Amino acid sequence: MKHRIVVLGAGYAGAYAAGNLARRLSPLDTEITVVNAEPDFVQRMRLHQLAVGQEIKAPRLADVFEGTGIHLHLARVTAVDPERHVVTVADAAGGGEIGYDTLVYALGSHVAHHGVPGVAEHAFDVAARPSALRLREHLDSLDKRGEAGCVLVVGDGLTGIETATEIAESRPGLSVALVARGELGARLSGAACGHLRRACDRLGVTVVEHTTVEAVEATRVLCADGTPLASDATVWTAGFEASPIAAAGGLEVTDNGQIVVDRTMRSVSHPNVYAIGDSVQAIGDNGRPLPMSCGSAGYTGRQAIDAIVGSLTGRKVARTKLVYTYNAISLGRLDGILQTVDGEGRAKPKCVSGRKAALIKTGIIKGALWGTSHPTLGRPGRRRRLAAAPDARRGSSRATA
Ligand SMILES: Cc1cc2nc3c(=O)[nH]c(=O)nc-3n(C[C@H](O)[C@H](O)[C@H](O)COP(=O)(O)OP(=O)(O)OC[C@H]3O[C@@H](n4cnc5c(N)ncnc54)[C@H](O)[C@@H]3O)c2cc1C
């Protein structure tokens, strides 16, 4: 029987890992199945652009994996049972169970409501394509009404900044406010922060600082000091958490649902499970958790691929880089900030800003799309046979941490 590798999720992390595993392991003794809810590759980094009305490329996963030998199963994962080594899915045919020998968990993340009442009922978000499209429809209806509708973006992390500036630039008829719990851009250098404030001024984004939103209603939010802020569309970008499926299945996870792993991305509670991308709490080479980001999806994916290939083929597992080096932030289509960070994850004093940063960001996004959607190109790698030992074929713990 072939060794069954099942990859859950075909986002930046899962699609990249599946393609590279297929390139490096022989199809004579491994079979790779990818389970994903949607038929297309979703460029999640561009969902704020989709929300304002831009058309964003979404390559079909069937085309992405064509010729790789990967079996694509379009289905929603509803449960994992790491004791029985099965995944439960719901699909057009009703669903069922898929067995695995090695599981790669890459189901990404969704917005964290933090228990704030009304978020689920009244707020919009840009964390997934369906929700970004819902926001787009709502922005269209506000635009059509012709009155200057008010959009409130809650959360001044990178997603909040990108979303507020993108809406302001694309929908000049709407008034946009960005609500920050502390000072705007607190994690950026002074130079980057100054640039961000000037960009908000230029685009007409009102910045509301030192404000915590405690409830979301249909046409307003309520702040911690009782102040109401009027809103025709509240966009919630105040944090992300991992899919709850891992925790429900009994895998060891952190408070925000990320799977706890060793240095090779292998679950500390269930060694046949690897986690990558937003789903994993990976401790970087600086001793701190890597942020949820496309860069982290690449680094954790690469480490997991090396660990799985090494472990199954009886080779030493390479220790790959796990680093966090910069943030590339778009401020609409023509402006941006590239902020490098030091070994401790703190902003370095200098930054690149303006048109140049916007071009760099565009290049990063194109590179990420290319890397995940061309799994058969690039470094070919030998397609290795598995080691004969039955424990290796079953994905035992031969990897070195
Ligand atoms: C608007 C926005 C802008 C961003 N900008 C940047 C940026 O500029 N730079 C950066 O580094 N990061 C950015 N990020 C974060 C980045 O997109 C994520 O860190 C990255 O997508 C994580 O990759 P992933 O593969 O773990 O998850 P995802 O890319 O989310 O992929 C998860 C996959 O799993 C599938 N899936 C989820 N649940 C199920 C289920 N139950 N069953 C089946 N399939 C399922 C999804 O359909 C998806 O295909 C941004 C995020 C957002 C929302």
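Two strands count as paired if DSSP finds at least two bridges between them. I kept this criterion at hand while going through the model, which is a predicted one.

**Entry 1: a three-stranded sheet**

I looked up the strand order first. β4, β5 and β6 form an open sheet of three strands in the order β4-β5-β6, and the pairing is antiparallel. I noted that β4 (76-81) and β6 (96-99) are the edge strands; each has a single partner strand, so one side of each lacks a neighbour in the sheet. On average, neighbouring strands of this sheet are turned by 30° against each other, direction ignored.

I then examined one pair in detail.

**Entry 2: two loop residues**

Is S26 buried or exposed? I found S26 in the loop between α1 (12-24) and β2 (30-36). Its relative accessible area is 4%; the limit for a buried residue is under 20%, so S26 is classed as buried. With neighbours within four places in sequence left aside, I listed R383, R384 and R385 as contacts of S26.

I checked H210 next. H210 belongs to the loop between β11 (205-208) and β12 (213-216). Here the relative accessible area is 56%, and because exposed means over 50%, H210 is classed as exposed. Which residues does H210 touch, not counting those up to four places away in sequence? I noted A180, R181, G182 and E183.

**Entry 3: the annotated region**

I consulted the UniProt record, an unreviewed entry, which gives the annotation "domain: FAD/NAD(P)-binding" for residues 4-285. Over residues 4-285 I recorded 27% helix and 27% strand. The end C-alpha atoms of this stretch are 31 Å apart.

**Entry 4: enclosed space**

How many cavities of 30 Å³ or more are there? I found the count to be one. The largest cavity holds about 50 Å³ of space. I listed its lining residues as Q258, G277, D278, V280, A282, L290, P291, M292, S293, S296 and T300.

Note on methods
Residues are numbered from 1 along each chain as its sequence is written. This is a predicted model: local features need pLDDT of at least 70, side-chain atom pairs count only at pLDDT 80 or more; totals for chains, interfaces and linings use all residues. Side-chain values use heavy atoms; hydrogens and water are left out. Helices (H or I, at least four residues) and strands (E, at least two) are DSSP runs, numbered from the N terminus. Buried means under 20% relative accessible area, exposed over 50%, partly exposed in between (1.4 Å probe, protein chains only). Contact means heavy atoms within 4.5 Å. Axes are lines fitted to C-alpha atoms, for helices over the stretch in contact, and angles run from 0 to 180 degrees between N-to-C directions. UniProt positions are given in the numbering used here, feature names are shortened, and annotations may be inferred rather than shown by experiment. On a 1 Å grid over the protein atoms alone, a cavity is a set of points where a 1.4 Å probe fits but cannot get out, and a pocket is an open set with protein on both sides within 12 Å along at least five of seven lines; lining residues have an atom within 4 Å of a point. Grid points are joined across faces, edges and corners, and a volume is the space filled by probe spheres set on the points.
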